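Thanks for making time this morning. I would like to walk through a few packing details, with the cut-offs stated as we go.

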Amino acid sequence: MSPATPATAHTSRLLDWRVRFGALALIWGFSFLFIKVGTEGFAPFQVTFGRLLFGTVVLAVALVVKRDRLPRGARTWGHLAVAALLLNALPFSLFAYAELTIPSTLAGICNATTPLWGMLLSLVALSEDRPTRVRAAGLGIGFMGVLTVLGAWQGFSGLDVTGTALALLASFSYAVGWIYVRRTLGGTGASHLSLATSQVGLATLQLAAITPFFTSLPKSVEVLPLLAVIALGALGTGYAMLLQYGVVAEVGPTTASMVTYFIPVIATTAGVALLDEHLTWNTPLGALIVLAGAALTQTRTSPRTPPTPPTPTSPTPTPTLHPATRP
């Protein structure tokens, strides 16, 4: 067989990227369904601990296979511990608690507000990204979308305020975490895989330390919630990160970050179709407005804008992608 022509090879790579991009969107979109199912059999902290544990196992195996090394230096590990809290342990737990009282569809939409929080933080000089008129307009449009999703004109009737606040706080934690990572871990010299494995592993230890104080072992283990937690960790927190690295390396962070805008759509579709969650007209309309605003906040005025941080988050959520990623 003759070797493939450049055009053929190029087409093959594009098809391979599209398949992995679609898989990444599906995995992260379904993460909110997995959380909802997981909390039906386990306490929220247990769901988060299981998610982080199985995610760490997948990443650690990849680290060994690639013969990569863990990062060195106490300072780097200290920053990774903070990143693990802000990007993994805290938001994952908040989403798990939120989905005790709100549908997975709403949690998925709340996750899409992360770039809005990031833009809001930039207005108070907590980020290197300086606001522009277009991005400021995107911020306003995005939060109008949030109010639409929540049905503000109805006085938020029928809405669980606590659960919704927890989901929004989780997204805010992602934004703060990305800014922290950007400032502290950009020049460590360690690989993305090494940093991600270390970060998720530290988050697992954090949850292992606090979970026994807030929960007790379940009296029985149901198969479906257990499978949901395994899928949430192995796929949504472990394998999805590996997919993300490949997509970013092949097509760049700008194109790869577009996966963010598919996540709430898939989360909503999965929640309605598989969990029979109720959907009113304002939810999808508000979600579209949120995504439109989020897209505007990501516009760049100069190609010299510093690259996004090298370590992942989510669900939401997330290495070289913009803060908008990760569930």
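Is Asn282 buried or exposed, and why? Asn282 counts as buried because its relative accessibility is 6%, where buried means under 20% relative accessible area, exposed over 50%, and partly exposed in between, with a 1.4 Å probe and protein chains only. Before going on, please note that this is a predicted model, in which local features need pLDDT of at least 70 and side-chain atom pairs count only at pLDDT 80 or more, while totals for chains, interfaces and linings use all residues. Residues are numbered from 1 along each chain as its sequence is written, and side-chain values use heavy atoms, with hydrogens and water left out.

Asn282 sits in helix 12, residues 282-297, helices being DSSP runs of H or I with at least four residues, numbered from the N terminus. Not counting residues up to four places away in sequence, Asn282 touches Thr148, Val149, Leu150, Gly151 and Trp153, contact meaning heavy atoms within 4.5 Å. A polar atom of the Asn282 side chain lies 3.0 Å from the backbone oxygen of Val149.

Turning to a helix pair, helix 4 (residues 104-111) and helix 11 (residues 263-275) pack at about 175 degrees with axes 8 Å apart, the axes being lines fitted to C-alpha atoms over the stretch in contact, and angles running from 0 to 180 degrees between N-to-C directions. The two helices, helix 4 and helix 11, are therefore roughly antiparallel, a term for angles over 145 degrees. Helix 4 contributes Ser104, Thr105, Gly108, Ile109 and Asn111 to the contact, among the residues involved.

Definitions and conventions:
A polar contact is a pair of N or O atoms within 3.5 Å; within protein, one must be able to donate a hydrogen and the other to accept it, and residues adjacent in sequence count only if both atoms are side-chain atoms. Angles under 35 degrees count as roughly parallel, over 145 as roughly antiparallel, 65 to 115 as roughly perpendicular and the rest as oblique.
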